[in-house]
Amino acid sequence: MRAAAHYLNNLKLIPILFLFFFCFLLLLIFGSSFQSSLQISSSTPPKNSDFLEEKQSRSCLTTPLSPACTKITPSLAHALVHYATSNITPQQTPKEISVSQRILDKKSPCNFLVFGLGHDSLMWTVLNYGGRTVFLEEDKAWIEQIKQQLPSLESYHVVYDTKVTQAGELLEIGTKEECEVVSDPRFSKCQLALKDLPNEVYDIEWDLIMVDAPTGYHDGAPGRMKAIYTAGLMARNRENGETDVFVHDVDRVVEDKFSKTFLCERYLREEEGKIRHFTIPSHRVGLARPFCP
């Protein structure tokens, strides 16, 4: 979720107009989706310190004598203050953000898994208001730094054992028969499957998965080969329904080739700038369905 610029300490300033636009956008999204978020879905409740207070704040809408509720939730207020006072440019452009935002408008509150943790993480959590948003991050020190600023975010440390220079070899491995078997990644025989994530990551059926990490902009970086493959495997292994998977930085070779190969071009729904949106159905419903149609 962090740009290369983060490592080089040359973060850019966000123009004032963009700040006001983003805050206004959050208010519009919150207003349009607030009513639907009151109907609790089967999604696992969010694990954050604001949940109980937010649940109480919703009750003002159900008061018969109250014509309107004008109080916003703590998480939305926190997000507005955070981004209005931030001087960090988001990793994705507004047009790229809108691709996943449209799906969140339809599906939230839902289960949203994000590979990567960064300055835009609070935005994803708020856009999935009432749902569960989990972040997987490679840099332990970065997790601690973000937790100090945004303690309510749910994040886990992930260790990757690959390098970008291995991408060609791993792409070849991915063509083997064992990599086309749909199963829980923990029990997959494919070398591309991530097997050491927290157990609850495997146990939840994710409605959306965003792959914007790990680092992949230099040869010594872990690269997103395993993250992309595992996202596709999780989507296929859900009991029923479908998962929307987003891959960022598809202008790079690894993200381009691995997303097309393992998320499948037939499942591609949209491409905007550097982001691709795939909709992958459950393969457990139709066992005869090929890995890529």
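Two strands are taken to pair if DSSP finds at least two bridges between them, where strands (E, at least two residues) and helices (H or I, at least four) are DSSP runs numbered from the N terminus. The model is predicted, and local features need pLDDT of at least 70, side-chain atom pairs count only at pLDDT 80 or more, and totals for chains, interfaces and linings use all residues. Residues are numbered from 1 along each chain as its sequence is written, and side-chain values use heavy atoms, with hydrogens and water left out.

Strands β6 and β7 run antiparallel and are joined by 4 bridges, with E270 standing opposite H277 in β7. The hairpin that they form has 2 residues between the strands, and in this hairpin G273 takes a positive phi near 60°.

Residue I275 lies in strand β7 and, at 0% relative accessibility, counts as buried (under 20% relative accessible area, with exposed over 50% and partly exposed in between; 1.4 Å probe, protein chains only). Although I275 and V247 are 28 residues apart in sequence, their C-alpha atoms are 5.6 Å apart in space. When neighbours within four places in sequence are left aside, the residues in contact with I275 (heavy atoms within 4.5 Å) include M210, F246, V247 and E270.

Both β6 (268–272) and β7 (275–281) are among the elements that cover the buried residues of helix α11, as are α8 (167–173), α10 (225–237) and β5 (242–248). The buried residues of α11 are V254, E255, F258, S259, F262, L263 and C264. Seen down the axis of α11, these residues fall within an arc of 160°, so they line one face of the helix, the arc being that of the directions from the helix axis to the C-beta atoms.
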